[in-house]
Amino acid sequence: MNQLLSIALGLSLLMSSANAPVTAATSSANCNQTLKSVRKSLSGVVGFKTNVLGNQGQPRGRTKALDISFRTGSNLPDATQKAIATRVIRSCSQIAAISFGLYQSDAVNIYGLKNNQIIEFACIEPGAAKKPVWGERYCL
């Protein structure tokens, strides 16, 4: 219940600014604190790590992604995932995307920064005529 209250409070605080543009001015030096707070508020997490994106078309200066994986049965609503992604991306000026996945599974949702907004990455079918660009992912 404590996790739901924490998530609900965070979600309500973010809803008013969820559609506001993300700019360098809205990023803070509190990235590590935000990551610790998010990690602590989630249950069933088996993986919580950042990785380097490389040159994949992500927003300039944002070279990292955060991957969060959960045990089977742990599932966050899409709105909560977007709220967490918004919070992390606003606080961490190097992070461009957050993935939420089921441990040892291909099931994943990705939220990231595109055109100064936090979006859910669109799903394109594997084998499509084009490779995914920033803001897209393969459906699995």
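Trainee: Which cysteine does a disulfide join to C123?
Mentor: This is a predicted model. In this model the S to S distance of the pair is 1.3 Å, and a disulfide is counted when two cysteine sulfur atoms lie within 2.5 Å. The partner of C123 is C139.

Trainee: Where in the chain do C123 and C139 lie, and how many residues apart are they?
Mentor: C123 belongs to strand β6 (residues 122–124). C139 sits in the segment after β7, and the pair links distant parts of the chain. The separation is 16 residues.

Trainee: Is C139 buried or exposed?
Mentor: The cut-off for buried is under 20% relative accessible area. C123, at 40%, counts as partly exposed. C139 has a relative accessible area of 14%, so it is buried.

Trainee: What is the handedness of the disulfide of C31 and C92?
Mentor: The sulfur atoms of C31 and C92 are 2.1 Å apart. The torsion about their S-S bond is about 100°, so the disulfide is right-handed.

Trainee: How many residues apart in sequence are the parts that C31 and C92 tie together?
Mentor: C31 lies in helix α2 (residues 31–41). C92 lies in the loop between α3 (78–91) and β3. C31 counts as buried at 19% relative accessibility, and C92 counts as buried at 1%. The parts tied together are 61 residues apart in sequence.

Trainee: What pattern do the disulfides follow along the chain?
Mentor: The count comes to 2 disulfides. One joins C31 to C92, and another joins C123 to C139. With bonded cysteines counted along the chain, the pattern is 1-2, 3-4.

Trainee: Which strands stand at the edges of the open sheet?
Mentor: The sheet has 5 strands in the order β1-β2-β3-β4-β5, with mixed pairing. Each edge strand has a single partner, so one side of it is left without a neighbour in the sheet. The edge strands are β1 (45–52) and β5 (117–120).

Trainee: In which sense do β2 and β3 pair, parallel or antiparallel?
Mentor: Strands of a sheet pair through backbone hydrogen bonds, in either sense. β2 and β3 share 7 bridges, and S69 stands opposite G101 in β3. The sense of the β2 and β3 pairing is parallel.

Trainee: Which residue in the turn between β3 and β4 has a positive phi?
Mentor: β3 and β4 pair in the antiparallel sense over 5 bridges, and Y111 in β4 is the bridge partner of I98. The two strands form a hairpin with 5 residues between them. The residue with a positive phi, about 55°, is Q104.

Trainee: Which strand supplies the largest share of the lining of the largest pocket?
Mentor: The largest pocket holds about 300 Å³ of space. Of its 17 lining residues, the closest to the centre are L53, Q56, I110, F121 and W134. By class, the lining has 10 nonpolar, 4 polar and 3 charged residues. The largest share, 3 residues, comes from β3.

Notes:
Residues are numbered from 1 along each chain as its sequence is written. This is a predicted model: local features need pLDDT of at least 70, side-chain atom pairs count only at pLDDT 80 or more; totals for chains, interfaces and linings use all residues. Side-chain values use heavy atoms; hydrogens and water are left out. On a 1 Å grid over the protein atoms alone, a cavity is a set of points where a 1.4 Å probe fits but cannot get out, and a pocket is an open set with protein on both sides within 12 Å along at least five of seven lines; lining residues have an atom within 4 Å of a point. Grid points are joined across faces, edges and corners, and a volume is the space filled by probe spheres set on the points. Helices (H or I, at least four residues) and strands (E, at least two) are DSSP runs, numbered from the N terminus. Ala, Val, Leu, Ile, Met, Phe, Trp, Tyr, Cys and Pro count as nonpolar, Asp, Glu, Lys and Arg as charged, and the others, Gly among them, as polar. Buried means under 20% relative accessible area, exposed over 50%, partly exposed in between (1.4 Å probe, protein chains only). Two strands pair if DSSP finds at least two bridges between them.
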